[in-house]
Amino acid sequence: MVQRGNGLVEVPTVSSKHSFINGDDWLITPSIHLKGGKNYKLSFRARAGLENYPERIEVKWGNGNAVSNMTNELLPPTNLTSIAYQPYSNTFSPTTDGDYN
């Protein structure tokens, strides 16, 4: 992870897919302190790794760093079919102050 002074965080990721193993990998960020009632915007770019092998992503957030804490949806399950980066973004607002992932 690379923290930038302008509030941007870069998280390069790589995933591999196998023909007989279902992908269920989670990338959970370090905790970020957020204020309740304030709007935040998450923006990122994503792409498929290979032209003939689409990927599927979903983006969630929650209060805690376990998979079971990821109860709020930012991006529903989405197919990535292009090898060109595509932009995605959504806004969200936690109800209470806290540390979120």
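1. Surface first. In this predicted model, the protein exposes about 7800 Å², and carbon and sulfur atoms supply 50% of that area. As for the inside, buried residues make up 19% of the 101 residues.

2. Next, the fold. You'll find zero helices and eight strands here, so reading from the N terminus the order is simply β-β-β-β-β-β-β-β.

3. Now the largest nonpolar core, which has twelve residues in all. Its members are Leu-34, Tyr-40, Ala-46, Ala-48, Val-59, Trp-61, Leu-74, Leu-75, Leu-80, Tyr-88, Phe-92 and Tyr-100. Two or more of these come from each of strands S4 (40–46), S5 (55–61), S6 (72–80) and S7 (86–92). S6 is the top contributor, giving three residues. As general background, nonpolar side chains in soluble globular proteins tend to be buried together.

4. Leu-34 is a handy place to start looking at that core, being one of its members. Setting aside neighbours within four places in sequence, Leu-34 touches Tyr-40, Phe-92, Pro-94, Thr-96, Asp-97, Gly-98 and Tyr-100.

5. On charges: how many salt bridges does the structure hold? There is one, and it links Glu-58 to Lys-60, with the closest N and O atoms 3.7 Å apart. Glu-58 counts as partly exposed because its relative accessibility is 41%, and Lys-60 falls in the partly exposed class because its value is 32%. In general, side chains of opposite charge can pair when their charged atoms come close.

6. Last, have a look at Asn-101, in the segment after strand S8 (98–100). Is Asn-101 buried or exposed? Its relative accessibility is 11%, so Asn-101 counts as buried, the cut-off being under 20%. A polar atom of its side chain lies 2.7 Å from the backbone oxygen of Thr-29, and a polar contact of 3.3 Å joins the side chains of Asn-101 and Ser-31.

7. The surroundings of Asn-101 go beyond those two partners. Again leaving aside neighbours within four places in sequence, Asn-101 is in contact with Ile-28, Thr-29, Pro-30 and Ser-31, and also with Trp-61, Gly-62, Gly-64, Asn-65 and Met-70.

Notes:
Residues are numbered from 1 along each chain as its sequence is written. This is a predicted model: local features need pLDDT of at least 70, side-chain atom pairs count only at pLDDT 80 or more; totals for chains, interfaces and linings use all residues. Side-chain values use heavy atoms; hydrogens and water are left out. A nonpolar core is a set of buried Ala, Val, Leu, Ile, Met, Phe, Trp, Tyr and Cys residues joined through side-chain atoms within 4.5 Å. Buried means under 20% relative accessible area, exposed over 50%, partly exposed in between (1.4 Å probe, protein chains only). Helices (H or I, at least four residues) and strands (E, at least two) are DSSP runs, numbered from the N terminus. Contact means heavy atoms within 4.5 Å. A salt bridge is a side-chain nitrogen of Lys or Arg within 4 Å of a carboxyl oxygen of Asp or Glu. Accessible areas come from the Shrake-Rupley method with a 1.4 Å probe; for residues, only the protein chains shown count as cover. A polar contact is a pair of N or O atoms within 3.5 Å; within protein, one must be able to donate a hydrogen and the other to accept it, and residues adjacent in sequence count only if both atoms are side-chain atoms.
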